[in-house]
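Please open the structure in a viewer and keep the selection tool at hand.

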Amino acid sequence: MGGAASVVRGVDLSGGRVVAVEGKRKRRAIEYRSAEANSAAPCAAALPIHLAFIRRLTAPLPSIEKARRVLPSLLDIELPFPLESCSHALLHVARTQQGDVEALATAARTDDIAAHLDRLQQAGINPLVLEHEAVALWRQSVEENPLSRQQRRLLICLGEDRTGLMVGSGHGLDTATGLRQSASEILQAQTGGAQRLALWWRTQRERAGAAAWHIAWCGPGADKPDLRQDFGALLLGESEYKSITHRDPATLLARGLANGLLSGDSLQGNLRQGALAHPAAEAQTRRAARSRLWTLAAAALLLIAVNLAWLHLLSRERNRWQQRLATEAETVAGTDRLPRGQEMLAAQRALESQAAGWTAFNRARNPGAEQLLAQILRVAKPYGLTFQNLVIRPSSFLLNGTAEDWNDGERLASAFTGDGWQTKLDRSDAGADERVHFSLKGEK
């Protein structure tokens with residue numbers, strides 16, 4: 001529904017009175033205005049908190065798909081009634097930082113849903129979506145007054161015929177509770193209802209530890225400062241918290257329902273399922289299923305096309321390298337009759353058989369003793385060196401001579417170190433001829 005309609009309604013049946021808000025897309029924002037209860041625009045309604053169940057569940061599994069199959073069993077354990085007798089939904093299924101999978105589960109007895117739908121239809125309302133009241137209220141509360149992940153919020157809804165409490169943080173809604181009594185009735189009665197709400201609130205504070213809390217007020221009663229003060233004192237005691245009151249608090253629920261229907265978020269938590277499902281919702285579900293199938297089919301065809309193109313490219317590239325390998329192997333082996341697949345083996349055998357000849361060829365190419373002698377004389381000439389004895393081979397030499405300066409022998413040795421020679425220089429002090437006698441050995 002989220003992408004099909006641009007104008008929808010959120011409808012709240014409060015104390016026998018219908019509060020309807022029309023939501024309309026305008027660019028990226030949503031405009032809200034009062035609407036008639038019997039408008040033709042698609043509408044969403046809420047199942048009151050006291051008629052529904054909500055709990056955050058964690059499945060110790062890394063796979064979201066596997067967790068989706070396990071979470072209903074975990075919900076069945078938590079429910080005060082059999083899972084088969086109710087409608088349920090799993091919201092915001094996601095992995096946690098600990099590697100588990102977490103979800104917000106909502107559920108309600110089928111009989112309670114049917115009875116509430118009868119009340120709505122008697123008021124002329126046939127909602128496309130029926131979601132948990134706490135989910136719609138929390139969604140709109142955070143939309144209009146965001147909070148950080150570390151901050152925790154207690155959202156108090158003071159309705160005309162019911163009272164609801166919700167807690168959560170920037171991570172999302174955690175849990176909720178409610179009574180089929182208004183805040184005024186709870187204050188007047190001073191019965192177990194007030195004690196139940198106070199105990200629930202104390203439990204939530206203890207679970208959260210030292211978290212920073214603030215209070216948000218909504219519902220028709222939130223417009224009455226005295227009622228907020230008296231109910232806050234009953235619930236919170238003498239504790240002081242920062243608090244806000246939502247703008248136009250009486251229509252926050254209706255705005256949240258319209259928002260969820262426009263965005264499509266409420267479809268995931270729709271408790272109007274099975275035999276109680278709205279005909280339009282069933283048709284939309286079928287359309288969505290067909291759309292998903294077409295999308296999957298298109299994706300599959302695209303994947304097949306990409307794979308075929310990739311296989312073609314791989315085959316062409318393989319053939320090109322095969323041709324190059326065959327050409328190189330024929331050159332090395334000296335024949336153009338090589339069996340396919342044997343090119344590498346034939347080339348290796350040809351190289352092995354020719355190894356002796358190549359060794360002799362390389363040896364002939366290497367510089368001989370004559371070239372090494374010419375190099376020694378060329379290097380020694382600028383320093384005025386004299387040689388008494390020279391023993392020169394292609395890979396070694398031994399020089400005995402004299403130099404005018406102590407460092408001339410070192411300069412001669414350094415001329416060969418860069419060519420891969422390992423040299424050893426021995427020098428003695430100047431003799432009667434006033435020259436430095438040296439001996440220089442070199443090896444490769």
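**A buried strand residue**

A45 has a relative accessible area of 0% and is therefore buried. The coordinates belong to a predicted model. A45 is part of strand 4, residues 43–47. Display the residues around A45: beyond its neighbours within four places in sequence, the contacts are V11, L120, P127, V129, L130, E131 and L257. S63 stands 18 residues from A45 in sequence, and the C-alpha atoms of the two are 33 Å apart in space.

**The nonpolar cores**

Which residues touch the most other members of the largest nonpolar core? Select L47, I113, L137, M166 and L173, which hold that position in a core of 46 residues. Helix 7 (residues 252–263) supplies the largest share of this core, namely 6 residues. Centre the view on I113. With residues up to four places away in sequence not counted, I113 touches L47, S87, A108, L130, L271 and L276.

**Helix 3**

Select residues 133–144, which form helix 3. At 1.5 Å a residue, its 12 residues should span 16 Å, and the end C-alpha atoms lie 17 Å apart, so the two values agree. Colouring by accessibility shows a mostly covered helix, with 9 of the 12 residues buried. The buried residues are E133, A134, V135, A136, L137, W138, R139, Q140 and S141.

H246 is located in the loop between strand 13 (242–245) and helix 7. Is this residue buried or exposed? With a relative accessible area of 2%, H246 is buried. Apart from neighbours within four places in sequence, H246 is in contact with S141, E144, N145, L155, A216, W217, C218 and L252.

**Helices 5 and 6**

Now select residues 192–208 for helix 5 and residues 225–236 for helix 6. Their axes come within 8 Å and cross at roughly 65°. Show the side chains at the contact: A194, L197, A198 and W201 from helix 5 meet F231, L234, L235 and L236 from helix 6. Sorted by class, this contact has 8 nonpolar residues, no polar residues and no charged residues.

Move to strand 15 (residues 396–403), where T402 lies. T402 is buried, because its relative accessible area is 3%, below the 20% limit for that class. Which side chains make polar contacts with the side chain of T402? One is that of T386, at 2.5 Å; another is that of R435, at 2.7 Å. Beyond residues up to four places away in sequence, T402 touches L385, T386, Q388, R435, V436, H437 and F438.

**An exposed lysine**

For the last stop, select K444 in the segment after strand 17 (436–443). Its relative accessibility is 61%, so K444 counts as exposed. Setting aside neighbours within four places in sequence, K444 is in contact with S395, D419, G420 and W421. Finally, draw a distance from K444 to E434: the two are 10 residues apart in sequence and 33 Å apart in space, C-alpha to C-alpha.

Key:
Residues numbered from 1 in each chain as written. Predicted model: local features only at pLDDT ≥ 70, side-chain atom pairs only at ≥ 80, totals over all residues. Heavy atoms only, no water. Axes fitted to C-alpha atoms, helices over the stretch in contact; angles between N-to-C directions. Helix = DSSP H or I, 4+ residues; strand = E, 2+ residues; numbered from the N terminus. Contact = heavy atoms within 4.5 Å. Nonpolar A, V, L, I, M, F, W, Y, C, P; charged D, E, K, R; others polar. Expected span 1.5 Å × (residues − 1). Buried < 20%, exposed > 50% of the residue type's maximum accessible area, 1.4 Å probe, protein only. Polar contact = N/O pair within 3.5 Å; in protein donor to acceptor, adjacent residues only side chain to side chain. Core = buried A, V, L, I, M, F, W, Y, C linked by side-chain atoms within 4.5 Å.
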